[in-house]
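Please read them with the structure open.

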Amino acid sequence: MRIVACYSMKGGVGKTATAVNIAYWAAKSGIRTLLIDLDPQGASSFYFRVKPSSKSWGKRFFNAYKDLLGQVKASDYDNLDILPAHLNFRKFDVLLSSLKKRKARLKKILSGLSDEYQLIVLDCPPSIGDLSEAVFVAANPIFVPVIPTTLSQRTYAQLLQFFKEKKYPHKKLVPFFSMVQGQKALHKKTMEEMRAQYSNFLDAVIPFSVDVENMGEQRAPVDVFARSRPANRAYVALWKEMVALLNKKVK
C-alpha cells in the first residue's frame, strides 16, 4: 500500500482539486483507493457528495485503524472510498500534541488499512504543525501544488527549509505548477526560474480553468463533466507522471 499526500502550507492553490482528481484516476485505473479528507473544511468530501458522521469521533482518529474503517463511506465510483472530514478535525494538532510518538502515529494507524486499500490519498489542510509533520512521516511522495507567483515561490522555499531543519527527506516533496495562466508574464517568468532552480518539478501543468472551479457546482471530478477539456487532459497527464513515481521506490 502506498500513501501519498496533497499538501501546501498555502491555501487556495488547487490542493483539494488535485486530491479529488488523482484519487478518481487511481480508482478508475483499477487501484483500490481511499481518499482521507484531513481538512476540516471538508471540500473533497463535498466534491464526492459524501457527508461525515454527525457524531464527533475525531478524538479517536489516532487510536486504531478500525475506528477509521468505521467512518469510511463508499463513493459513486468503483474502487474509491472516502473518509470524510469532520469539523472537529480542526483539533488534530492539539490532539497529537498530547500523544506519545505523535509524528509516527498517522503512519502506524494507516498501515492497518493495507488489506483494504492499495493507495491512500491524504488531502491536507493548509497549515504546518503536528498534523503536517505526521503527514510528512506517513506519506511518500508528497505532491505540492505551486501557483507560479512570487509568494508561492517563497512559500515553497520555506517548506524546503522546514524539511531541512527537521531532517525530513526533501526528495519526498514533488512540486508541480497549478492554476497557471499562460498569458501572464509573471507566471511564465516564475515557472522558468523555479524549473531552473528545482529539477524535480513535474512536467504536467494544471491550468487556471473554469472547469476546475465548476467541480464545486458539479460535485464531481473534472473527467465526469468536462472530459474533452484542457483541465481534464492536464489532470490525466499529472496522474500518469504520479503513477511513474509511485512505481518507483522513493527513498
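**Notes on the predicted model**

1. Glu133 counts as buried, at 8% relative accessibility. Its salt-bridge partner is Lys103, with the closest N and O atoms 3.4 Å apart. Lys103 lies in helix α5 and Glu133 in helix α6, so the pair ties together parts that are 30 residues apart in sequence. Lys103 is partly exposed, with a relative accessible area of 35%. Keep in mind throughout that this is a predicted model.

2. A salt bridge also joins Asp130 and Arg102, at 3.3 Å from N to O. Asp130 sits in helix α6 and Arg102 in helix α5, and the pair links distant parts of the chain, 28 residues apart. Arg102 counts as partly exposed, at 33% relative accessibility.

3. How many salt bridges are there by this rule? The count comes to nine. One of them pairs Lys189 with Glu193, the closest N and O atoms being 2.9 Å apart. Both residues lie in helix α8 (residues 185–197), four residues apart, or about one turn of the helix. Lys189 is partly exposed at 46% relative accessible area. Glu193 is partly exposed too, at 32%. Elsewhere, salt bridges that share partners join Lys15, Asp39 and Asp123 into one network.

4. The aromatic pairs number 20. Among them is Tyr24 with Tyr77, an edge-to-face pair with 5.4 Å centre to centre and 90° between the planes. Tyr24 lies in helix α1 (residues 15–28) and Tyr77 in the loop between β3 (73–74) and β4 (80–83), so this pair ties together parts that are 53 residues apart in sequence. Tyr24 counts as buried at 6% relative accessibility, whereas Tyr77 counts as partly exposed at 23%.

5. Phe136 and Phe162 form another edge-to-face pair, with 6.2 Å centre to centre and 65° between the planes. Phe136 belongs to helix α6 (residues 130–138) and Phe162 to helix α7 (residues 150–166), so the pair ties together parts that are 26 residues apart in sequence. Phe136 is buried, with a relative accessible area of 0%. Phe162 is also buried, at 18%; the cut-off for buried is under 20%. Ring pairs link Tyr7, Phe136, Phe162, Phe163 and Tyr168 into a cluster.

6. Which residues of the largest nonpolar core touch the most other members? They are Ile36, Phe61, Leu106, Leu110, Leu122 and Ile142, and the core holds 44 residues. Helix α6 gives the most to this core, with five residues. Leaving aside neighbours within four places in sequence, Ile36 is in contact with Phe61, Leu83, Leu110, Ile120, Val121, Leu122 and Asp123. In soluble globular proteins, nonpolar side chains tend to be buried together.

7. Helix α1 has 14 residues. From its first C-alpha to its last, α1 reaches 20 Å, close to the 20 Å expected at 1.5 Å a residue. Of those 14 residues, 13 are buried, so α1 is largely enclosed by the rest of the structure. Gly30 follows α1, and its phi is positive, near 95°.

8. Is Asn232 buried or exposed? Asn232 is buried, with a relative accessible area of 3%. Its place is in helix α12 (residues 230–246). Not counting residues up to four places away in sequence, Asn232 touches Trp25, Val222, Asp223, Ala226 and Arg227.

9. Arg219 lies over the face of Phe46, at 3.9 Å from the ring centre. The C-alpha atoms of Arg219 and Asp115 are separated by 29 Å, and the two residues are 104 apart along the chain. Asp115 sits in the loop between α5 (102–111) and β5 (119–123). At 69% relative accessibility, Asp115 counts as exposed.

How values were computed: Residues are numbered from 1 along each chain as its sequence is written. This is a predicted model: local features need pLDDT of at least 70, side-chain atom pairs count only at pLDDT 80 or more; totals for chains, interfaces and linings use all residues. Side-chain values use heavy atoms; hydrogens and water are left out. Helices (H or I, at least four residues) and strands (E, at least two) are DSSP runs, numbered from the N terminus. Buried means under 20% relative accessible area, exposed over 50%, partly exposed in between (1.4 Å probe, protein chains only). Rings of Phe, Tyr and Trp (its six-membered ring) pair if their centres lie within 6.5 Å; planes under 30 degrees apart count as stacked, over 60 as edge-to-face and the rest as tilted. A charge sits over a ring if NZ of Lys or CZ of Arg is within 6 Å of the ring centre and within 35 degrees of the ring normal. A nonpolar core is a set of buried Ala, Val, Leu, Ile, Met, Phe, Trp, Tyr and Cys residues joined through side-chain atoms within 4.5 Å. Contact means heavy atoms within 4.5 Å. The expected span of a helix is 1.5 Å times one less than its number of residues. A salt bridge is a side-chain nitrogen of Lys or Arg within 4 Å of a carboxyl oxygen of Asp or Glu.
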